Amino acid sequence: MHFPYELYETLAEPLTVYYPTGEEARARWVFQTIDKAAGLLTQLLNQPMPEIEILLVTMADWPLAPRNEDEELSNPQPYWTDASSPPCIVIPAEIDAIFGEFTQEKFAYMLCHELILAFLESDSRPWPNDYPLWADEWQLKFAALWLYQHLYSRQDIVNKDLREQNAEIFEPEPDGKTPVTIRGFDWYEDTAAEDYLAYELLLEQFAADLLATYEPQVLPCFLDLYRVERDVLLSDDVTAMLASALGPGGAEWLEELVYF
């Protein structure tokens, strides 16, 4: 399966950006957003910008886009893949309606989410072999929201429309916790896209609460503890690592979060 790169134009920038004819303005905005965000991440993580390319794809060519899994083609949104060399961030011409009202801020947040993934994947330190889903996922949402808040001088969440539409997932039950918690959620092959989206909204709120209380250096501190080769890392182990990165009172703060 060959992607028709030869039919796409490229920007004259240090970062290769492929884009369809007539989409130069959009491609330039994407480059500028990723370039600014990469500069912030380089400082925060003390890590060089990874080698990546950017690929803006028409919907006609979307089935041909490089990918690791076929699932990446459903519910179109930006994603990072190492199925190409160098790896690239693939961006569809249209974002799936499941992600709500499409805004420039939401688009930037999605791009930042894939950029931090590119940074983390290029980190040479080992990963645990077996670990809970939330251990990785909170890192991506935290960094993406931090980048969005810096880029737009904001202190709020991005997906306000989806938050309002899914308000019930934040309502505690008699046990004091929400129906689904960050640590309790898991993904299976038959997990509905709507269920995973609800989980992502919980993670975004978690990121917002963290950033309102702690400094962004929480992330590199956590990574120093997390990126160590282990056979199995349990959810309680990850919780202890995060609490340690937060500092005194961190464990108590985490346990008070109804969705955690």
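This is a predicted model: local features need pLDDT of at least 70, side-chain atom pairs count only at pLDDT 80 or more; totals for chains, interfaces and linings use all residues.

Modeller: What follows is a set of questions about labels, each answered by setting a value beside its definition.

Biologist: Why is the pair of Trp-62 and Tyr-79 called edge-to-face?

Modeller: Rings of Phe, Tyr and Trp (its six-membered ring) pair if their centres lie within 6.5 Å, and planes under 30 degrees apart count as stacked, over 60 as edge-to-face and the rest as tilted. By this rule there are 19 aromatic pairs. In the pair of Trp-62 and Tyr-79 the ring centres are 5.7 Å apart and the planes stand at 70°, so the pair is edge-to-face. Trp-62 belongs to the loop between E3 and E4 and Tyr-79 to strand E4, so the pair ties together parts that are 17 residues apart in sequence. Such names refer to DSSP runs numbered from the N terminus, with helices (H or I) of at least four residues and strands (E) of at least two.

Biologist: Are Trp-62 and Tyr-79 buried or exposed?

Modeller: Buried means under 20% relative accessible area, exposed means over 50%, and partly exposed lies in between (1.4 Å probe, protein chains only). Trp-62 has a relative accessible area of 5% and is therefore buried, and Tyr-79, with 6%, is buried as well.

Biologist: What makes Phe-206 and Tyr-259 an edge-to-face pair?

Modeller: Their ring centres are 6.2 Å apart and their planes are at 70°, so this pair is edge-to-face. Phe-206 sits in helix H5 (residues 193–213) and Tyr-259 in the segment after helix H8 (250–255), so the pair ties together parts that are 53 residues apart in sequence. Phe-206 is buried because its relative accessible area is 1%, and Tyr-259 is buried because its value is 5%. Both residues belong to one aromatic cluster, whose members include Tyr-131, Trp-134 and Phe-260.

Biologist: How do you know that Lys-141 forms a salt bridge with Glu-200?

Modeller: A salt bridge is a side-chain nitrogen of Lys or Arg within 4 Å of a carboxyl oxygen of Asp or Glu. For Lys-141 and Glu-200 the closest N and O atoms are 3.4 Å apart, and the two residues form a salt bridge. The pair links distant parts of the chain, with Lys-141 in helix H3 (residues 133–152) and Glu-200 in helix H5, 59 residues apart. Both Lys-141 and Glu-200 are buried. A search of the whole structure finds 10 salt bridges.

Biologist: What makes Glu-255 and Arg-183 a salt bridge, and why is Glu-255 called partly exposed?

Modeller: The side chains of Glu-255 and Arg-183 meet at 3.3 Å, N to O, in a salt bridge. Glu-255 lies in helix H8 and Arg-183 in the loop between helix H4 (160–165) and H5, so that distant parts of the chain, 72 residues apart, are linked. Glu-255 has a relative accessible area of 42% and therefore counts as partly exposed, and Arg-183, at 22%, also counts as partly exposed.

Biologist: Which residue forms a salt bridge with Lys-160, and why is Lys-160 called partly exposed?

Modeller: Asp-156 forms that salt bridge, the closest N and O atoms being 2.8 Å apart. Lys-160 counts as partly exposed because its relative accessibility is 33%.

Key. Residues are numbered from 1 along each chain as its sequence is written. Side-chain values use heavy atoms; hydrogens and water are left out.
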